[in-house]
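Here is a short report on one protein chain. Have the sequence and the fold open while you read.

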Amino acid sequence: YLAVVSSAVGFLLYFDLLERLGPIEINLVSYVVPVVTAIAGWLLLAEALDPATIGGFLIIFVGFCLIKRRQLVAELPAMRAAITDRL
């Protein structure tokens, strides 16, 4: 039951988001999955994170920043305002 329902919902969500956001943004999720699973393994199972893994995380982060740079630059004024309001 869970596999069928979650697969059907995931399938429908994927194609809905694909239509709205496009294939590049939708497939960015596949790059985050290993990061989340490695961090979960580190937190929950005490698995080691070696320097190569952390370097891979940084490469993925830089890739996201490069792909989303226009959106990030557009958000900078709002982020600066939020920081100065808290100070």
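Isoleucine 83 counts as exposed, because its relative accessibility is 51% and the cut-off for exposed is over 50%. Isoleucine 83 sits in helix α5, residues 69-86. Keep in mind that the model is predicted. Proline 77 is another residue of helix α5. Proline 77 is exposed too, with a relative accessible area of 52%.

**Single residues**

Alanine 46 lies in the loop between α3 and α4. Alanine 46 is exposed, at a relative accessible area of 68%. Glycine 22 belongs to the loop between α1 (2-21) and α2 (23-27). At 16% relative accessibility, glycine 22 is buried, because buried means under 20%. Aspartate 16 is part of helix α1. With 34% relative accessibility, aspartate 16 is classed as partly exposed.

| Pair | Separation along the chain | C-alpha distance |
|---|---|---|
| Isoleucine 83 and valine 33 | 50 residues | 30 Å |
| Proline 77 and serine 7 | 70 residues | 40 Å |
| Glycine 22 and alanine 81 | 59 residues | 31 Å |
| Aspartate 16 and glycine 63 | 47 residues | 25 Å |

**Helix α3**

Helix α3 runs over residues 29-45, which is 17 residues. How far apart should its ends be? At 1.5 Å a residue, α3 should span 24 Å.

Which residues of α3 are buried? They are Val35, Ala38 and Gly41. These residues cover an arc of only 125 degrees around the axis, so they lie on the same side of α3. The general rule is simple. An α-helix has 3.6 residues a turn, so residues three or four places apart point the same way.

What sits on the other face? The face of α3 turned away from its buried side carries Val29, Leu43 and Leu44, which are exposed. On the buried side, the cover over the buried residues includes α4 (51-67).

**How α3 packs on α4**

Two packed helices are described by the angle between their axes and the distance between the axes. For α3 and α4, the packing angle is about 145 degrees and the axes are 10 Å apart. The crossing of α3 past α4 is left-handed. On the α3 side, the contact is made by Tyr31, Val32, Pro34, Val35, Ala38 and Ile39. On the α4 side, Phe57, Ile60 and Phe64 make it. Val35 and Ala38 are among the buried residues of α3, and both also take part in the contact with α4.

To find the residue in the viewer, look in the loop between α3 and α4.

An unreviewed UniProt entry places the feature "transmembrane region" at residues 28-45 and 51-67. How much helix does the model show in these two spans? Residues 28-45 are 94% helix and 0% strand. The end C-alpha atoms of that span lie 26 Å apart. Residues 51-67 are 100% helix and 0% strand. Here the end C-alpha atoms are 24 Å apart.

Definitions and conventions:
Residues are numbered from 1 along each chain as its sequence is written. This is a predicted model: local features need pLDDT of at least 70, side-chain atom pairs count only at pLDDT 80 or more; totals for chains, interfaces and linings use all residues. Side-chain values use heavy atoms; hydrogens and water are left out. Helices (H or I, at least four residues) and strands (E, at least two) are DSSP runs, numbered from the N terminus. The expected span of a helix is 1.5 Å times one less than its number of residues. Buried means under 20% relative accessible area, exposed over 50%, partly exposed in between (1.4 Å probe, protein chains only). The arc is that of the directions from the helix axis to the C-beta atoms. Contact means heavy atoms within 4.5 Å. UniProt positions are given in the numbering used here, feature names are shortened, and annotations may be inferred rather than shown by experiment. Axes are lines fitted to C-alpha atoms, for helices over the stretch in contact, and angles run from 0 to 180 degrees between N-to-C directions. A crossing is left-handed if the near helix is turned anticlockwise from the far one by less than a right angle, and right-handed if clockwise.
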